[in-house]
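Here is a guided walk through one structure. Keep the sequence and the 3D view side by side as you read.

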Amino acid sequence: MIDFDPKVCNQCGKCCLSSVILDGEVKTINGLACRFLERENGHTRCSVYKNRFMKAPWCASVGEAYNQGLLPNDCPYVVDDPDYKGRTELLPIQNMLVLSKITVDRKRTKEFEL
Ligand code: SF4
Ligand code: SF4
């Protein structure tokens, strides 16, 4: 049983970036994130953290993110698990293609580079 203690999160923000499934793998869309992700003092923060599941129904809990492969492999919750298949980055050309093909929901997302 994994302990999803919030103190373990290093606020990298990677799990709050948008993603697509490509060939069965979760791929991060670089440059697009949840609209509530903000930058602060070299870290990221969720501007609606306490009410995030009400304000952002698309937001996954850490447990859900874990189960759906939405955590990157360097996330502290999974970094010691060699079997965890987390999200990885698209190649730059793939990223450009994805961004040109998808309809971006601006009520949920915003441009955001990590
Ligand atoms: S990827 Fe992991 S460490 Fe980074 S914000 Fe998400 S839960 Fe926290
Ligand atoms: S609402 Fe959820 S996905 Fe959006 S920034 Fe906050 S924690 Fe991340």
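C12 sits in the segment before β1 (17–22). With 15 C-beta neighbours inside 10 Å, C12 counts as partly exposed. The scale for this runs as follows: a residue is buried if 20 or more other C-beta atoms lie within 10 Å of its own, exposed if 12 or fewer, and partly exposed in between, with C-beta atoms placed from the backbone. C12 and T44 are 32 residues apart along the chain, yet their C-alpha atoms are separated by 6.0 Å.

A word on conventions. This is a predicted model, in which local features need pLDDT of at least 70, side-chain atom pairs count only at pLDDT 80 or more, and totals for chains, interfaces and linings use all residues. Residues are numbered from 1 along each chain as its sequence is written, while chains are lettered from A and ligands numbered from 1 in the order in which they are written.

How confident is the prediction? The protein chain averages a pLDDT of 95, where pLDDT is the predictor's confidence in each residue, from 0 to 100. A score of at least 70 is reached by 99% of the residues. Among the elements, α1 has the highest mean pLDDT (98), and helix α3 (residues 92–101) has the lowest (95). Where pLDDT is low, the predicted coordinates should not be read in detail.

Now step back to the whole chain. The protein chain has three helices and six strands. From the N terminus on, the elements run β-β-β-β-α-α-β-α-β. The radius of gyration is 14 Å, close to the 13 Å that the globule rule gives for 114 residues, so the protein chain is as compact as a globular protein of that length. This radius is taken over C-alpha atoms, and the rule is 2.2 Å times the number of residues to the power 0.38. Along its principal axes, the C-alpha trace spans about 40 × 30 × 25 Å. Of the 114 residues, 16% count as buried. Contacts are pairs of residues whose C-beta atoms, placed from the backbone, lie within 7 Å. Among contacts with a separation of 6 or more, 54% come from residues 24 or more positions apart.

Which residues make up the largest nonpolar core? There are twelve: C15, C16, L17, L32, A33, C34, A65, Y66, L70, L71, C75 and Y77. Such a core is a set of buried Ala, Val, Leu, Ile, Met, Phe, Trp, Tyr and Cys residues joined through C-beta atoms within 7 Å. The largest share, three residues, comes from β2.

Two ligands come next. Ligand 1 is surrounded by 13 residues, and the closest are C9, C12, K14, C15 and C75. To count as near, a residue must have its C-beta atom, placed from the backbone, within 6 Å of the molecule. The shell around ligand 1 divides into nine nonpolar, three polar and one charged residues. In these classes, Ala, Val, Leu, Ile, Met, Phe, Trp, Tyr, Cys and Pro count as nonpolar, Asp, Glu, Lys and Arg as charged, and the others, Gly among them, as polar.

Ligand 2 is surrounded by C16, C34, F36, L37, C46, V48, R52, A56 and C59. Its shell has eight nonpolar, no polar and one charged residues. Look at A56, in the loop between α1 (52–55) and α2 (62–67). With 19 C-beta neighbours inside 10 Å, A56 is partly exposed. Not counting residues up to four places away in sequence, A56 touches C34, F36 and V48. With that same exclusion, C34 touches C16, A56, C59, R108 and T109.

Finally, visit two loops. D23 lies between β1 and β2, and N41 between β3 (37–40) and β4 (43–46). D23 has a positive phi of about 50° although it is not a glycine. N41 also has a positive phi of about 50° and is not a glycine. D23 is exposed, with 5 other C-beta atoms within 10 Å. N41 is exposed too, with 7.

Key:
Helices (H or I, at least four residues) and strands (E, at least two) are DSSP runs, numbered from the N terminus. Two residues are in contact if their C-beta atoms, placed from the backbone, lie within 7 Å.
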